[in-house]
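I opened a notebook page for this structure. These are my entries, in the order in which I looked things up.

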Amino acid sequence: MENEKNSIFKSWEIGSKVNPLIIAGPCSAESESQIMSIGTKLKTLGVNVFRAGIWKPRTRPNSFEGVGAIGLPWLKLLKQELGIKVAVEVANAKHVHEALKADVDILWIGARTSVNPFSIQEIADSLKGTDVPILVKNPINPDVDLWQGAIERIIGAGIDKIAAVHRGFSSFNNTIYRNVPMWELPIELRRRMPDIPMICDPSHIGGKRTMIQEISQKAMDLNYDGLMIECHTDPDNAWSDAAQQITPAALQNVLDQLILKVLEVDNPAVKNELKELRNQIDHFDNELIGVLQQRMKVASQIGEYKSANNITILQPKRWHEILTRSLEIGANANLSSEFMSKIFSAIHQESINKQTAIVKDFDVKK
Ligand code: PEP
Ligand code: MN
């Protein structure tokens, strides 16, 4: 699987350093000289793809909405002068048409567009007959189906060079992130679509410079295929997303400090040790399943007792006791309350499901 994924990148001819693929550039194109000066610096760092937003989907009106199509010739010039691949965001068929006319190499679909199947379908239809690589950012809301659906629509248009970009999810709660990563969602997308490479966008997840390193490292630890990082020669004065952009020198620092990880090693001693530990995991998983089976049997017996005596299935006081007790015991066993409450809520819900089936059956027979 790993090889297949990498071969997708190789076929993009984006560069030999496929792990990780580095996409960098300003949030927005501002001027020809800005594009040229950032691009020149990034090229010397070995960045594979230069990104710049031309059309900016802004949350509120009257903020800078991108320079528009006049920025496309700047990217074309950068390409010609430096031989670097360029990528822009597209949100409709007109953007696709204009970007392709200007020889843009890679298009990305932003988070505010991937939420909308109509927009995605319009983009997909406009891509038919082309073979331009497409990056699909996650939708702003945490919905794996929607993200997968957007990718499927692009696949349906006959595009075979597709990657997903994880840029985090909007949250109503105050968090340290601009967009909460919810790592479990991209992990689930990769389980469902193992051939789609996954790129992390630490800039939009973190929202501030200081978080780029840590988020990028986490992505490497999770076997991501690339990073998309916003870079500007004068980040403080960037026309959009100033707080999260870093200088090319800071990017170099991030990349230098990154510890790259591999999926597997060839060393037989390490492999054996890992195998032995995994055997132990399998053993405990078997035990867990056996214990759960026994617990559900008892829950079913309780269900029969409740049926026969017309006792409600849900017993709020008892459930409170179970949860409090488990959290306490869990805390002593170094198991976090978040984990314990997730596990026990799932177990309790399954008991309720089993008992509901029993009571229904009993009431029908009555
Ligand atoms: C961007 O990449 O600048 C951008 C607008 O990203 P997102 O769609 O992730 O908000
Ligand atoms: Mn941005």
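**Entry 1: the surroundings of ligand 1**

I began with ligand 1 and listed its neighbours: C27, R51, K56, E89, W108, G110, A111, R112, K137, R167, H204 and E230. I note here that the model is predicted. Sorted by class, this shell holds seven charged, three nonpolar and two polar residues.

Next I looked up polar contacts to the oxygen atoms of ligand 1. A side-chain N or O atom of R51 sits 2.7 Å from an oxygen of the ligand. For K56, I find a polar side-chain atom at 2.8 Å from a ligand oxygen. A111 takes part through its backbone: a polar backbone atom there is 2.8 Å from an oxygen of ligand 1. I then checked the cover. On its own, ligand 1 has 300 Å² of accessible area, and the protein covers 97% of that.

**Entry 2: the manganese ion**

Which residues coordinate the manganese ion (ligand 2)? I read off C27 through SG, H204 through NE2, E230 through OE and D241 through OD. The distances run from 2.1 to 2.4 Å. Along the chain, the donors follow the spacing C-x176-H-x25-E-x10-D.

The cut-off I applied for buried is under 20%.

C27 and A238 are 211 residues apart in sequence, yet their C-alpha atoms are 8.1 Å apart in space.

**Entry 3: N138 and R167**

I went back to R167, which is in the shell of ligand 1. Its backbone nitrogen lies 2.6 Å from a polar side-chain atom of N138. Where is N138 placed? N138 is in the loop between β5 (134-137) and α6 (144-156). The relative accessible area of N138 is 0%, so N138 is buried.

**Entry 4: the whole chain**

I stepped back to the overall layout. The protein chain has eight strands and 13 helices. Domain 1 covers 2-257 and domain 2 covers 268-365. Their C-alpha centres lie 42 Å apart. Along the principal axes, the C-alpha atoms fill a box of roughly 80 × 50 × 40 Å. The chain has 366 residues, and 44% of them count as buried.

Q355 belongs to helix α13 (residues 337-365). Q355 counts as buried because its relative accessibility is 5%.

P235 was next, in the loop between β8 and α10 (248-257). P235 and R192 are 43 residues apart in sequence, and their C-alpha atoms are 37 Å apart. P235 has 9% relative accessibility and therefore also counts as buried.

**Entry 5: positive phi**

I ended with backbone angles. Most residues other than glycine have a negative phi. I checked for non-glycine residues with a positive value and wrote down two.

D103 has a positive phi of about 65°. I place D103 in the loop between α4 (93-101) and β4 (106-109). Its relative accessible area is 37%, so D103 is partly exposed.

N223 likewise has a positive phi of about 65° and is not a glycine. N223 sits in the loop between α9 (212-221) and β8. What does N223 count as by accessibility? At 18% relative accessibility, N223 counts as buried, because buried means under 20%.

Notes: Residues are numbered from 1 along each chain as its sequence is written. Chains are lettered from A and ligands numbered from 1 in the order in which they are written. This is a predicted model: local features need pLDDT of at least 70, side-chain atom pairs count only at pLDDT 80 or more; totals for chains, interfaces and linings use all residues. Side-chain values use heavy atoms; hydrogens and water are left out. A residue is near a molecule or strand if one of its heavy atoms lies within 4 Å of it. A polar contact is a pair of N or O atoms within 3.5 Å; within protein, one must be able to donate a hydrogen and the other to accept it, and residues adjacent in sequence count only if both atoms are side-chain atoms. Accessible areas come from the Shrake-Rupley method with a 1.4 Å probe; for residues, only the protein chains shown count as cover. Ala, Val, Leu, Ile, Met, Phe, Trp, Tyr, Cys and Pro count as nonpolar, Asp, Glu, Lys and Arg as charged, and the others, Gly among them, as polar. Donors are N, O and S atoms within 2.8 Å of the metal (3.2 Å for Na, K and Ca); water is not among the atoms, so sites may look incomplete. Domain bounds come from an automatic or database domain assignment. Helices (H or I, at least four residues) and strands (E, at least two) are DSSP runs, numbered from the N terminus. Buried means under 20% relative accessible area, exposed over 50%, partly exposed in between (1.4 Å probe, protein chains only).
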